[in-house]
Amino acid sequence: MNHLLRRHNPPSVAIQRFFASLNGNAVKVGHVLELEEGLYKVTKSTIVKPGKGGAFNNLDLVNVLTSRKLTKRLRSSETVHRASFSPAVDYDVLYTDGGQVHLMQGESYEQISVGVEVVEERLRPYLVDGVTLSVTFYEGKPVIVDLPKLVTVGVEEADGKSARLENGVVLQVPPHVKGGEKVTVNMETGEYHGRVKE
């Protein structure tokens, strides 16, 4: 099984020259923006509608190359540029250790480590063994990590209204969900999606 330990240099995926223009209120979590300070990924987006004046978007961002954090307020009338990248590569989660999640590419057995900060905070509990992530590289560094729309997780216990999952997350679930079963969770909403039939 030595092939499982092989490591390869991560692919160097160049950023495309195309940048889409977005209004401030159209910026969402996961977008990578070309700012004066560099390329920044949006980790949190909060639309605020004050009593007077136009709406604005409070953003938490992280630099995709240096991991430097930044906060920024965009008015709905402001325009920013969203970067577009070459196709992502699928990697399977091996395990999470502290602030790093360790991944392996299923075909080449390439193994890489990614800082958990590139994943939205509410999604980090789902970085568990067996989950397949979509990873985008820039200058050889993984900068965007997307989870699948649905992730399967075991149920530790359930009381007919809510369930504690094996990753520690508590969800509202239907009464028929029992401990020991597996459920799917929608990563876009963070809500229960369905029960997995064995």
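**Pockets and an open sheet**

The largest pocket comes in at a volume of about 310 Å³ in this predicted model. Its lining is made up of 17 residues, and those closest to the centre are Glu 120, Leu 123, Asp 146, Leu 147 and Met 187. Two elements, strand S3 (38-48) and strand S11 (141-146), each give two or more residues to this lining. S3 gives the most, with 3 residues. Sorted by class, the lining of the largest pocket holds 9 nonpolar, 2 polar and 6 charged residues.

Next up is the second largest pocket, with about 260 Å³ of space. Here 13 residues form the lining, and Thr 43, Asp 60, Lys 69, Glu 121 and Arg 124 sit nearest the centre. S3 turns up in this lining with two or more residues, as do strand S4 (56-63) and strand S5 (69-75). This time S4 gives the most, with 3 residues. The class count for the second largest pocket reads 3 nonpolar, 2 polar and 8 charged residues.

Then there is the sheet. It is open and built from 5 strands in the order S14-S13-S12-S15-S16, with antiparallel pairing. Strand S14 (170-172) and strand S16 (192-195) take the edges; each has a single partner strand, so one side of each is left without a neighbour in the sheet. On average, and ignoring direction, neighbouring strands of this sheet are turned by 45° against each other. Within the sheet, strand S12 (residues 150-158) and strand S13 (residues 162-165) run antiparallel and are joined by 3 bridges. Val 155 stands opposite Leu 165 in S13.

Conventions:
Residues numbered from 1 in each chain as written. Predicted model: local features only at pLDDT ≥ 70, side-chain atom pairs only at ≥ 80, totals over all residues. Heavy atoms only, no water. Pairing = 2+ DSSP bridges. Helix = DSSP H or I, 4+ residues; strand = E, 2+ residues; numbered from the N terminus. Axes fitted to C-alpha atoms, helices over the stretch in contact; angles between N-to-C directions. 1 Å grid on protein atoms, 1.4 Å probe; cavity = no way out; pocket = protein on both sides within 12 Å on 5 of 7 lines; lining within 4 Å. Points joined across faces, edges and corners; volume = space filled by probe spheres on them. Nonpolar A, V, L, I, M, F, W, Y, C, P; charged D, E, K, R; others polar.
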